[in-house]
Every structure is written in structure tokens, then in C-alpha cells.
Amino acid sequence: MRAIPAIDLREGACVQLVGGSYEDERVRVKDPLEALLRWRAFGFRAFHVVDLDAALGRGSNAEAVARLTAHEPGLTFTVGGGVRELERVEALLEGGASAVVVGTRAIEDAAWLADVASRHPGRVVVAADVRGREVVTRGWTAGSGMTVGDVLAALEPLPLGGLLVTAVHKEGQLEGVDLSLMREVVVRSRHRLYASGGVTTLDDLRALASVGAYGAVIGMALYTGRLDARDVALEFAK
């Protein structure tokens with residue numbers, strides 16, 4: 001399994017929020033490239049970039065995204081946040097993203113997702129943001145009325161690059177992962193699982209690896225120093 005530092009973008013900066021709440025920002029790095037270079041120095045080569053403003057319709061960090069993905073050849077970037085048009089998917093792929101993460105429209109518009117996935121097989125990752133066991137959309141502000149099982153069944157036939165499953169109820173709280181949720185996803189889906197939400201310790205990462213996660217996105221624990229980046233990189237940045 002691979003550990004993947006998160007670079008969440010808000011107003012041009014790299015931030016960490018608790019539970020996705022704009023009112024509860026705990027970390028801010030003025031220049032996102034500084035965050036990339038910090039994690040790169042430890043040996044990380046894969047990164048997860050999210051445009052939080054675009055996800056909530058509050059603006060765009062497209063310039064910052066472009067700077068990150070074009071910075072160094074050979075790095076792997078999954079990029080998401082407010083990606084709701086085919087043109088944006090293709091622009092991100094052309095700009096250096098290895099895969100594009102689509103959430104709200106992918107969950108709400110099955111025909112659109114099927115078209116995008118067929119045009120770019122293996123390079124579209126669907127974000128299933130889960131609170132309890134309901135998938136939520138629109139920057140975690142709206143319920144979809146679908147369970148994670150409903151969504152997994154709908155996505156199973158598609159040529160996706162993976163699923164990014166975020167336990168919203170764990171996000172940014174440094175209280176551990178929802179291992180039962182992640183185990184359920186691995187058992188019920190053939191797609192790669194990128195697990196997110198609540199990673200706090202090396203044991204959390206080992207537990208995710210043990211249930212079959214392909215990758216784990218880490219944010220708050222790295223930025224606050226709760227997790228030692230050197231230890232994580234030695235074990236999970238290969």
C-alpha cells in the first residue's frame with residue numbers, strides 16, 4: 001500500500017480542515033508548492049490534490065493545481081475538487097494529473113460518468129464521501145440518499161482507475177480510521193481503494209494495508225506532526 005500526502009487547496013493556500021468545515025481550519029501553508037517539496041524531501045512520490053473552493057463553488061485554485069502537477073516529472077497526482085465537466089477532466093490529464101477524481105456529478109449523473117470513464121479508462125477515480133454509511137455530495141454538504149453499497153454496485157462495471165472513499169465522520173479528527181467501511185469496500189468492489197479519513201498512526205496505515213487498500217490519503221496527521229513523515233515514507237512511500 002502507498003501513503004499519499006493530501007494537498008488541499010483553499011484561497012491559493014494548502015490547508016487542513018476538520019470534517020470538511022471551512023469554519024474549522026487547523027493548518028495553512030501559504031504556498032502549496034512548499035507543502036509538496038516538504039513531503040517530496042521525505043521520499044513521497046504520490047500526492048492527492050483537492051481544489052476545495054471549486055468543490056464548494058467558492059472559486060478556483062486551477063493555477064495552483066497546474067503549478068503542482070507540472071513541477072517535477074515522474075510524480076503521481078490524483079486531482080479533484082469540483083470536476084464536473086469533461087473538458088476539466090481532460091485539461092487536468094493534459095496538465096499532468098495521473099488520474100482525475102470526480103465526485104458530485106459522478107454520483108448524481110451515471111450517464112456522464114460512464115462516458116467520461118469510457119473516454120479515459122483507468123484514469124478516472126470516483127470519490128465516494130461517506131458519512132455514517134450514506135454517500136454525501138457537494139463538498140459534503142448534501143446527502144445523496146444512497147448507501148455506500150448502492151454506489152459500489154453502480155460503479156462496478158465501469159473502467160475506473162479506483163475509488164477514493166473518505167470517511168467524512170473521521171476526517172481531520174485524528175481519531176483513527178473507519179476500518180469496517182474500508183473492509184466493506186474492498187470486499188464488495190473490484191476497483192482499487194484509496195482510503196481517506198482519520199489516518200492517525202502507523203498502525204492505522206498497517207490496518208488499511210491488511211484489509212487490501214491500494215493507497216491511503218493522509219492529511220492532518222502529517223501536517224500536525226502526529227505522524228512522523230520519515231517513518232511513514234520508509235514503510236509506505238515505495
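Visitor: What should I know before I start?

Guide: The model is predicted, so local features need pLDDT of at least 70 and side-chain atom pairs count only at pLDDT 80 or more, while totals for chains, interfaces and linings use all residues. Residues are numbered from 1 along each chain as its sequence is written, and side-chain values use heavy atoms, without hydrogens and water.

Visitor: At what angle do α8 and α9 cross?

Guide: Helices are DSSP runs of H or I, at least four residues, and strands are runs of E, at least two, numbered from the N terminus. Axes are lines fitted to C-alpha atoms, for helices over the stretch in contact, and angles run from 0 to 180 degrees between N-to-C directions. Here α8 (residues 179-188) and α9 (residues 202-211) cross at roughly 25°, and their axes come within 9 Å. That makes α8 roughly parallel to α9 (angles under 35 degrees).

Visitor: Which residues of α8 and α9 meet?

Guide: Contact means heavy atoms within 4.5 Å. From α8 come L179, M182, R183 and V186; from α9 come A207, L208 and V211. By class, that contact has six nonpolar, no polar and one charged residues. Ala, Val, Leu, Ile, Met, Phe, Trp, Tyr, Cys and Pro count as nonpolar, Asp, Glu, Lys and Arg as charged, and the others, Gly among them, as polar.

Visitor: How far apart are the axes of α9 and α11?

Guide: They lie 11 Å apart, at an angle of about 20°, and α11 spans residues 229-236. That makes α9 roughly parallel to α11. L202, L205, R206 and A209 in α9 meet D231, V232, E235 and F236 in α11. This contact has five nonpolar, no polar and three charged residues.

Conventions. Parallel < 35°, antiparallel > 145°, perpendicular 65-115°, else oblique.
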